[in-house]
Amino acid sequence: MKEIKEIIKAYARSRKTGEKVALATVVQVDGSSYRRPGARMLVTENGQLTGAISGGCLEGDALKKAQLVIFKKKSMLVTYDTTDEDDAKFGVGLGCNGIIHILMEPIDEEQENNPIALLQQCVNDRNDKVLVTFYDVKNKRSSQIGTCLLYNKEEYFPNLNFNQIGQSAQSFAREKSQEAIATKKSTIWPLSDGSNLHAFVEFVPAAIKLLIFGAGNDVQPLTQLAAVLGWEMTLADGRSDHATTDRFPLVDQVLSGKAIDILSQIHADRRTAVVLMTHNFNYDLEVMRGLYPYQFPYLGVLGPRKKLEKLVENLSLSGIDLNEEDQKVIFGPMGLNIGAESPEEIALSIIAEIKTVISGHNPVHLKAKKGPIHADEKGSLEP
């Protein structure tokens with residue numbers, strides 16, 4: 001999500017300067033590559049890049065292709081075959097072993113729901129979205145249909161290219177969009193209408209939201225790491241001299257006051273992580289009581305296990321008995337066991353645990369994982 005937001009910002013700057021732009025999107029990967037389908041890069045006619053489609057290996061050549069697309073005002077599909085041992089043709093040793101298909105689209109700011117406008121709608125609220133992109137793997141140099149449809153809950157937002165394709169392809173896109181919302185997975189499908197078209201049906205979840213209760217010095221590195229990842233953040237504390245924007249300039253919303261008053265101003269959803277770092281037992285207890293029932297996937301409690309046990313005991317005394325499902329979302333002591341000692345290392349362990357939980361993964365060494373790095377156990381594309 002951070003990449004999408006940065007591309008939107010860069011597009012807004014280019015409109016002010018009058019620069020033409022093109023959007024490069026990884027739509028299909030056969031084998032291994034550094035970036036997966038859904039990776040994007042905005043290219044201006046003057047060569048400014050925002051985002052990335054690889055680890056830096058393809059950007060140079062992709063820049064030239066994108067500038068050509070801008071000049072011709074015509075989209076195209078570009079394929080890089082990194083399975084070829086002669087990597088010298090790209091100017092570097094790629095070190096990957098895959099075939100990467102990248103869609104290059106010129107952006108017409110006058111077109112309603114152009115690809116960047118569809119990306120903009122992805123960040124307008126915290127609903128799950130689906131983007132549908134059509135591309136032709138056999139006729140790469142011909143004009144591509146491209147990023148043409150956004151699905152937001154029960155509402156569709158097509159652009160001109162979508163309206164120009166056949167009814168069967170339109171129905172197909174709508175059907176697969178609904179499936180992606182239900183499964184929360186991105187998929188790639190060949191159309192069965194006799195054409196060479198493929199559809200990249202991309203599930204786009206909201207950014208991870210971090211609700212931080214606590215405004216001590218140990219919270220500062222946590223907000224810095226979360227900002228690097230593009231997470232949305234709200235920070236709250238009972239101490240008004242600690243919970244300030246001067247101390248936490250990277251946080252989206254800073255609140256101070258009693259827990260009961262602050263809880264009425266926030267909302268936690270399935271992409272939200274809550275962390276308790278107030279170092280104040282009673283404040284933490286009020287937060288745990290006020291957020292119940294827990295409809296979010298992660299509630300982290302800083303401190304020893306005995307502290308959490310005491311919090312649970314006090315909740316029970318107040319009439320809240322946590323069942324097995326409630327206990328699953330509570331992590332205390334929070335963080336992965338990476339040998340963390342300093343506040344910065346502790347922040348890293350907390351961030352890593354949150355990402356693991358919300359992604360639905362188990363923390364393991366990648367060298368111990370069976371199969372491709374980026375595929376889940378069933379081989380689906382990860383969001």
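Residues are numbered from 1 along each chain as its sequence is written, and side-chain values use heavy atoms, with hydrogens and water left out. Because the model is predicted, local features need pLDDT of at least 70 and side-chain atom pairs count only at pLDDT 80 or more, whereas totals for chains, interfaces and linings use all residues.

I begin with the helices. Helices are DSSP runs of H or I with at least four residues, and strands are runs of E with at least two, numbered from the N terminus. The axes of α1 (residues 2-17) and α3 (residues 115-122) come within 10 Å and cross at roughly 130°. Axes are lines fitted to C-alpha atoms, for helices over the stretch in contact, and angles run from 0 to 180 degrees between N-to-C directions.

Which residues meet? In α1 they are Ile4, Ile7, Ile8 and Tyr11, and in α3 Ile116, Leu119 and Gln120, where contact means heavy atoms within 4.5 Å.

I turn now to the sheet. Five strands form an open, antiparallel sheet in the order β8-β7-β6-β10-β9; two strands pair if DSSP finds at least two bridges between them. β8 (155-158) and β9 (187-190) stand at the edges with a single partner strand each, so one side of each has no neighbour in the sheet. From one strand to the next, the twist averages 20°.

Strand β7 (residues 146-152) is joined to β8 by four bridges, and the two run antiparallel. Tyr151 has Tyr156 in β8 as its bridge partner.

Finally, α3 packs on this sheet, touching β6 (129-136), β7, β8 and β10 (197-204), and its direction makes about 25° with that of β7.
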